[in-house]
Amino acid sequence: MKTDISNSMFRKAQTLIPGGVNSPVRACKSVGCDPVFIERAAGSRVYDVDGNSYTDFVCSWGPMILGHNYPAVADAIRQALENGTSFGAPTPLEIDLAEMVVDALPSVEMVRFVSSGTEATMSAIRLARGYTGRNIVVKFDGGYHGHADSFLVKAGSGVITLGIPGSPGVPDDIVKNTISIPYNNLEKLEETLRNEELDIACVIIEPVAGNMGVVAPAPGFLKKLRKLTEELGILLIFDEVITGFRVSLGGAQAKFGINPDLTCLGKIIGGGLPVGAYGGKKEIMAYISPEGPVYQAGTLSGNPLAMAAGKATLTALSEPGFYDKLDAKSDKFAEQLFNIAQKYMPDNTCMNRVGSVLTTFFAKGPVTDFESAMKSDTNMYGRYYREMRAAGIYLAPAQFEGMFISAAHSEEDLAVTLEKTESVFRKLIK
Ligand code: KE4
């Protein structure tokens, strides 16, 4: 596969942009190759600047659940564009999308739009701290909630980890209020939350983890988390930036029947344009400026083009049977994909999946938390990634991410992907 133009673009980009990319994972560092530059996308395919085309399972890291350039979404953006791009004033479209989000998510009575998932989670923990008057945020090892300082905490060893800076530039003073504990570990959870020396404002969790690879909550884990936080007056924040409108129209909270106090959204609700959101009970959201004292703002929050894209996306997702169809297709594909992995590497592959997002780990498994995920053979994943891309299948350039199936993936796309996967596995075991 020729990638000369991508290679020269990457060299130039590296002279202008740190690492040549505007988000680190795109640089493909962990899979031992350079990125290809994408020129356009349509349906289930992306096309690079050298004219190569790929079946896309990154889906822009989740947003493109309908597939790329979905006609109704593109039309909605074009229509909104006729009226201008940004006014810095309230617009009708914000009400429309807010209503759709409130109608879809069981726990959300009021919502604020921002421009990224990071802004959503950053604002949600500020709100939790402002509302409770307490400072400590509990997160989970391997949980990723965007790049706000409070979240860049390396999962330290030991039961209760007082945050240690996970990145230079994040002062100890910031992360000392962040505690990271193992995902799916009820004992550690209860021990932490009941520790009276800790003035805990909130727990933030990915109700299905997607950033250590896909890891589902253990049976009863979320229910116990909800019960404990309710009993102890700690706010529960669901970071549904990936799972929102992915695992069901009502997100993970509807799928698992757990109502958090606050929910963070992103990705799909923007239909490919920059949108994040946080929402929850009116009584809590009323603390947000200008109604309440907790400040949060944004020049392009509620941008009309993004609102139009989000509205058209959620309209399509609300069609009866959308998720049943997507999940049935995903069930069939995932089972066949897993069988191929097991046929060639029975002792060092496993798969986690929730609906239409999955991860094939190059590890014996089971992968139930960060520690077990870290046992993955990331070199083997790198070889898998490079061979699959050379075969025209575009996967996440990192073991600890998700593979997303969209409504645009045809039976033919999936059948060809399985064939190519089998031939790649044959190469990997040589
Ligand atoms: P953004 O700021 O990237 O829009 O959202 C941050 C975020 C928050 N919460 C969860 C659960 C997330 O998964 C993310 C972002 N996800 C990553 C990859 N899984 C985005 C890709 C990237 O960083 O380039």
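Visitor: Why is C28 called buried?
Guide: C28 has a relative accessible area of 3%. Buried means under 20% relative accessible area, with exposed over 50% and partly exposed in between (1.4 Å probe, protein chains only), so C28 counts as buried. Bear in mind that this is a predicted model, where local features need pLDDT of at least 70, side-chain atom pairs count only at pLDDT 80 or more, and totals for chains, interfaces and linings use all residues. Residues are numbered from 1 along each chain as its sequence is written, and side-chain values use heavy atoms, with hydrogens and water left out.

Visitor: What makes C350 buried or exposed?
Guide: Its relative accessible area of 9% puts C350 in the buried class.

Visitor: How many disulfides does the structure hold?
Guide: There are 0 disulfides. C28 is in none, and the nearest cysteine sulfur, on C33, is 4.6 Å away.

Visitor: What about S150, and where does S150 lie?
Guide: S150 lies in the loop between β5 and β6 (153–154); strands like these are DSSP runs (E, at least two residues), helices are runs of H or I of at least four, and both are numbered from the N terminus. With a relative accessible area of 10%, S150 is buried too.

Visitor: Which residues is S150 in contact with?
Guide: Leaving aside neighbours within four places in sequence, S150 touches I125, R129, I174 and T178. Contact means heavy atoms within 4.5 Å.

Visitor: What makes something a cavity?
Guide: On a 1 Å grid over the protein atoms alone, a cavity is a set of points where a 1.4 Å probe fits but cannot get out; lining residues have an atom within 4 Å of a point. The structure holds 2 cavities of 30 Å³ or more.

Visitor: What volume does the largest cavity have, and which residues are closest to its centre?
Guide: The largest cavity has a volume of about 110 Å³. Among its 13 lining residues, L358, T360, Y381, G402 and M403 are the closest to the centre. β15 (357–361) and α13 (378–390) each supply at least two lining residues, and β15 gives the largest share, 3 residues.

Visitor: And which residues line the second largest cavity?
Guide: That cavity holds about 40 Å³ of space. Its lining includes K139, F140, H145, Y183 and E206, and the elements giving two or more residues are β5 (136–140) and β10 (200–205).

How values were computed. A disulfide is a pair of cysteine sulfur atoms within 2.5 Å. On a 1 Å grid over the protein atoms alone, a cavity is a set of points where a 1.4 Å probe fits but cannot get out, and a pocket is an open set with protein on both sides within 12 Å along at least five of seven lines; lining residues have an atom within 4 Å of a point. Grid points are joined across faces, edges and corners, and a volume is the space filled by probe spheres set on the points.
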